[in-house]
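Q: I am new to this structure. Please take one part of it and look at it closely, then connect it to the rest.

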Amino acid sequence: MLSFLKRWLRRRGTGRSRDAEPELDLGPHARAAAMMPRMPRADVHRLMVEATALRRRKGYHEAVQFLMELAEAYLREGNTALVTTLNKLVPYIKRDEQMSYAEARRWMEQLLARLPRHDPYFLNAHITFAELLEQEGADRSIAYLEAFLRDHPPSRDTYYHLIRLADFYREVRDLAKAQEHLMEARRQWDTRLERYRLIRMMRRWHRSMALLSFARDDTGEYLFHRAMEFALDMARVLDPARIEEFHHRKDQYYKGERGFVGTTAFENVMRTSALAPRREKIIADLYGFVFEEMPLLLGVTRADLSFRPGDPETLEDVQRRKSFSSRPFLEYDQLNEKIRNIGI
């Protein structure tokens with residue numbers, strides 16, 4: 001199965017170097033070490049971009065074959081980039097007219113049976129399989145994730161399974177069940193978690209809560225959770241040691257390349273609620289708070305926000321900026337209160 005991938009790696013030069021020695025079997029200890037999770041030899045993001053380009057040039061089937069072979073390679077390595085690859089693969093499979101659903105499902109089942117057991121991150125592949133099963137109906141996806149969670153009780157490792165299950169329940173209009181699973185996921189938040197991991201968890205939760213609120217026609221709660229998702233999306237890239245990432249994402253929001261403005265749900269709420277005359281002010285207030293005030297609330301200084309490479313800085317400044325990412329995320333309640341009081 002790897003012939004396609006090997007040809008691509010040779011052509012692109014992203015595999016082993018041409019001077020690399022052939023792989024040797026160095027015994028059980030080396031084999032065990034080889035199965036530990038590792039970073040991809042080639043940037044997985046670049047490989048996903050290549051899959052997109054291949055789909056545009058040759059169609060979904062060629063891109064599916066490429067991604068399936070890449071997934072097999074990552075599986076043999078015990079490489080967590082496997083999950084990213086599957087997330088890209090399943091939407092393509094759904095649009096591949098040359099591959100039957102039964103064939104795709106069989107391939108995924110066989111792959112899941114061989115997943116490495118030493119890293120809970122690989123459990124996320126089961127979410128992707130549930131999304132493939134949606135071709136049989138959301139009820140089938142719900143049944144699969146419910147069974148999965150009976151074997152893997154709610155925890156930080158199954159956080160995203162709970163949220164995705166809630167999303168499926170929302171799709172079938174069982175809003176009470178959706179709420180129940182989101183509340184169970186909410187109980188997994190812990191400020192002892194790594195800062196950006198916790199922020200990502202919170203952002204994903206608010207996204208699902210916004211969609212649930214929209215399904216309930218609860219305009220106020222929809223806008224609140226959408227605003228919290230926005231704030232946390234910016235908090236994910238707020239690091240004074242890499243402040244350019246914050247400014248890049250801010251530009252994406254202003255240019256309309258990212259965000260809630262223009263989405264069907266947001267614009268529908270604006271049209272059908274009493275907030276319509278205040279649409280522009282609401283957006284301006286949210287942007288103003290998240291881009292200018294929130295960084296200060298989270299411990300980034302104005303000097304950090306305006307810092308550019310080459311600007312003078314003290315050793316103390318450098319150390320403070322470098323240590324920021326290791327701080328726990330303790331400001332959620334303050335952020336929540338500020339967003340509530342913006343007046344949306």
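A: Start with a pair: helix 10 and helix 11 are roughly antiparallel to each other (an angle over 145 degrees; under 35 counts as roughly parallel, 65 to 115 as roughly perpendicular and the rest as oblique). This is a predicted model, in which local features need pLDDT of at least 70 and side-chain atom pairs count only at pLDDT 80 or more, while totals for chains, interfaces and linings use all residues. Residues are numbered from 1 along each chain as its sequence is written, and side-chain values use heavy atoms, with hydrogens and water left out.

Helix 10 covers residues 175-186 and helix 11 covers residues 195-215. Their axes come within 11 Å and cross at roughly 160°. Axes here are lines fitted to C-alpha atoms, for helices over the stretch in contact, and angles run from 0 to 180 degrees between N-to-C directions. The crossing of helix 10 and helix 11 is left-handed (the near helix is turned anticlockwise from the far one by less than a right angle; clockwise would be right-handed). On the helix 10 side, the contact (heavy atoms within 4.5 Å) is made by Leu175, Ala178, Gln179, Leu182, Met183, Ala185 and Arg186. Helix 11 brings Trp205, Ser208, Met209, Leu212 and Ala215.

Buried means under 20% relative accessible area, exposed means over 50%, and partly exposed lies in between (1.4 Å probe, protein chains only). Helix 8 has 14 residues and reaches 20 Å from its first C-alpha to its last, close to the 20 Å expected. That expected span is 1.5 Å times one less than the number of residues.

Next comes helix 6, residues 101-113. Its 13 residues reach 18 Å, close to the 18 Å expected. Ala104, Trp107, Met108, Leu111 and Leu112 are its buried residues. They lie on the same side of helix 6, because they cover an arc of only 130° around the axis (taken from the directions from the helix axis to the C-beta atoms). They pack against helix 4 (60-77), helix 5 (81-93), helix 7 (125-133) and helix 8 (138-151).

Thr85 sits in helix 5. It counts as buried, at 0% relative accessibility. Beyond residues up to four places away in sequence, Thr85 touches Val44, Met48, Leu67, Leu70, Ala71 and Tyr74. Thr85 and Leu70 are 15 residues apart in sequence, with 7.4 Å between their C-alpha atoms. Leu67 is in helix 4. It too is buried, at 0% relative accessibility.

Asp239 is found between helix 12 (219-235) and helix 13 (243-254). It counts as buried, at 4% relative accessibility. Not counting residues up to four places away in sequence, it touches Tyr196, Arg321, Phe324 and Ser325.

Now the whole chain. It has 18 helices and zero strands (DSSP runs numbered from the N terminus: H or I, at least four residues, for helices; E, at least two, for strands). Buried residues make up 47% of its 344 residues. Of the contacts with a separation of 6 or more, 67% join residues 24 or more positions apart.
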